[in-house]
Amino acid sequence: MRTRDLSTKLIILLATLVLTGVYVLPIYVMVVTSLKIPVEISQRAYLIPTRNLQFQNYAEAFRLVYPSLINSSIISFVVTILAAFFGGLSGYYLSRSRSAFVRVLFILVGVALYLPYQVILIPLVQFMAKTRMALTHAGLIVSYLILNVPLASVLMGTFFLSIPRELEEAAQVDGANRLQLFFRVVSPVSLPAYASTAIIVFTQVWNEFLLALTLSTPATTTIQVKLAEVKGSFVALYNIQMASALIGVLIPLSFFLLLGRYFIRGVLAGALKG
Amino acid sequence: MNRKPRHSFKQCFSKVLESLPFLTPLLVFLVILYGMLGWTLYVSMANWVGTAPNYEFAGLRWYQMMFRLDRFRVDMSNNVKWLALGVFPTVILALFLAYMLEIGSVKQIEGYVRTLILYPVAMSFVVTGTIWSWMYQPDKGVLNTILRALGLSELVGRYTTHPAAATYWLILIFIWQYLGFAVIILQSSFRTTELQEMVEAAIVDGASKLRILFSVIVPNIRGGILILVSLLLISALKVFDIVYVVTFGGPGYSTDVLALFMFIATFQQHLVALGAGLGMIIFIMALVIVIPYTIYAFRKWFE
C-alpha cells in the first residue's frame, strides 16, 4: 500500500522531521552535557557543544559505575542463559502438547508473565534475607528467574509454534524421543529464536530497577541502582549524571543497534507474533 | 476389561515422565511465584508493623486503614491517569505512525524512523528519567532554555515541579519511551495478506486514506490492538522507576503511584501489612488487565 500522493508525502516528511527533533534532542543533550564542565552548565550554555571536551567526565563516571557494571553483567548474563535454556525446554513442551494439564499451565504462565514484582516483593525479600542469598549475586539471579522463565517460555513457544512439524515427524519415524527431538532437531534450527529471547531477557534484567533497589547489597549493586544513586548524590553535576547514564545504556543499546532484527522479533514474540 | 485402564495409566505415567525434563524448571518457578503471591495475601491480613515478621491475624484492618488514606486516593487517581493517558494516546499516535510508514513510499525513511523511535525501548526508565529530569529542570533545564532562546518566555513551565501537572509530564516520558514499541507491533499486524488485499480493494473503490485506516484496517487488527493495549496497560501499571527517579512522588505526594507507595510503605515506613495490601491491589489491577490478554493468547496458542 504505497502512495504517490504529494500531500501525503509532505505530511510524512513533516512527521519525520518532528520525530527526529523529539527523539534526537534528548540523546544530543545527553552527549553534549556529558562533555562539559559544571561551570559551563551553570552558565546555561549547554545546548551548544563545547570546544573544551571533558573526556575525564567519562573517566570519573566510569570509576563510579565500574563495580556495578560488573555486577549487572554477571547477573544479566547468568539470568539470560538460564532463562533461555529453561524457557526453550518448557516453551517447546507448551507448544507441542495439547493436554488439559498443559492448557492449565499455559493460563498460569500467561498470568505470571507480566505480573509486577510488587506482588511478590515482601516474601521475596524475606526469603533472600533468611537464606542469605541476598548477599551474593545468586539472590538477584534467582529473583529475576522467577518472572523471566515464564516470559522466556512464552517467547520460545511462540517461535516453536511457527516451526513446521514435518521436521520432527521425520525424526520421530527414525525413533528419536522427545528430548532428542528437542536438542538435535528443533533447537539447532531455532538459534535465531534463542537470540531474540536472550536479547529481550537481557534488556529486561539489565534495566530492572525495583528488585535491584530492594535486594541489592553493597556487593551486588546493579547499574540501575548506581545510576539512580549518582543522580541523587551528584544533583548539580549534570555532566557526571549524563556520562554515567551513557555508560549504563551502552551495552543494551549496542545490542539493539547491532542485533536490531532479533530485538524486534523478540518484541513481536512478546506480542504473540512468531 | 481390566487391562485397558492399566494400559492408559501406564501411558499417562510415561507421558508425565516425558514432560518432566521439559517442565520441571518452569513448574519450580511458578510454584515459587504463586506461593509468594499467597504469602503476600496472608501478610496483607496480618498485623505486621516494623522489621520483625508478625503473623498475628488482623483480618481486613489494614485494608480499611488503606482505603481511608488520602495518599491511597491520590495514588488511585494517578494510576488511572497513567493507565488512560499513558496508553490511549500512545496507541492512536502509533496507529497513525505505523500507517504512515506503511503507505510512505520511501523504504529508507521507514528504516530510519523505526530505529529513531525504537531506541528508547533498549533504555531503562532510570536513564530516561535522568535525561528527562534534565530536560524538565525548571530553572536551567533544556526545554525552558530552548523556549527562552526562541523568545517564548511566557511558555516557560514548571513541569514536574508543578503539583497539579507533574503526573502528566511524567506520563509524557512514558509515551516517548513506548511509542516505537507500539508502532512495530501495529505494523506487523498490518502485514497480513488478507488485510493487504482488502486495502487494495478499498483503494480501487476510491476510499480516502483515513477511511481506509478506520474502516478497513482498524477493524481487522483488533487482535493486535488488544495485545498492544494490554502490554501498554501493564507497563503503565508497573511504572515505578520514572516516578522514583524524577519526582520520588513529589511535590508532596502529588505524583505518587501505588507501585511507589507499596515500596515506601514496606521498606521505609515498615508498615509491611499495608505494603502487602497495596501489593494485592496492584495484583488485582494487573489481573484485570492480563486476563483478556491471556484468553486471547490461549485461543491463538491452541487453535
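**Close-up views of a predicted two-chain model**

**View 1. Chain B is built from helices.** In this predicted model, chain B has 13 helices and 0 strands.

**View 2. How chain B packs.** Of the 303 residues in chain B, 43% are buried. Now look at contacts in chain B with a separation of 6 or more: 70% of them join residues 24 or more positions apart.

**View 3. Where chain B touches chain A.** The contact draws 77 residues from chain B and 76 residues from chain A. On the chain B side, helix α1 (residues 3-44) gives the most, with 16 residues. Sorted by class, that side of chain B holds 56 nonpolar, 14 polar and 7 charged residues.

**View 4. The largest nonpolar core, and A182(B) within it.** This core has 177 residues. The residues with the most contacts inside the core are V201(A), A182(B), L186(B) and I282(B). Zoom in on A182(B) and set aside its neighbours within four places in sequence: its contacts are then T90(B), V91(B), A94(B), L228(B) and L232(B).

**View 5. Helix α13 of chain A, mostly covered.** Helix α13 spans residues 260-270 of chain A, and 8 of its 11 residues are buried. To find them, look for Y262(A), F263(A), I264(A), R265(A), G266(A), V267(A), A269(A) and G270(A). The cover over these buried residues comes from both chains: it includes α6 (137-161), α9 (191-207) and α12 (238-258) of chain A, together with α7 (166-190) of chain B. After α13(A) comes L272(A), which has a positive phi, near 65°.

View 6. Chain B has an average pLDDT of 90, and 97% of the residues score at least 70. For the complex, the predictor gives an ipTM of 0.92 and a pTM of 0.93.

Notes: Residues numbered from 1 in each chain as written. Chains lettered and ligands numbered in written order. Predicted model: local features only at pLDDT ≥ 70, side-chain atom pairs only at ≥ 80, totals over all residues. Core = buried A, V, L, I, M, F, W, Y, C linked by C-beta atoms within 7 Å. Buried ≥ 20, exposed ≤ 12 C-beta atoms within 10 Å, placed from the backbone. Contact = placed C-beta atoms within 7 Å. Helix = DSSP H or I, 4+ residues; strand = E, 2+ residues; numbered from the N terminus. Nonpolar A, V, L, I, M, F, W, Y, C, P; charged D, E, K, R; others polar. pLDDT = per-residue confidence, 0-100.
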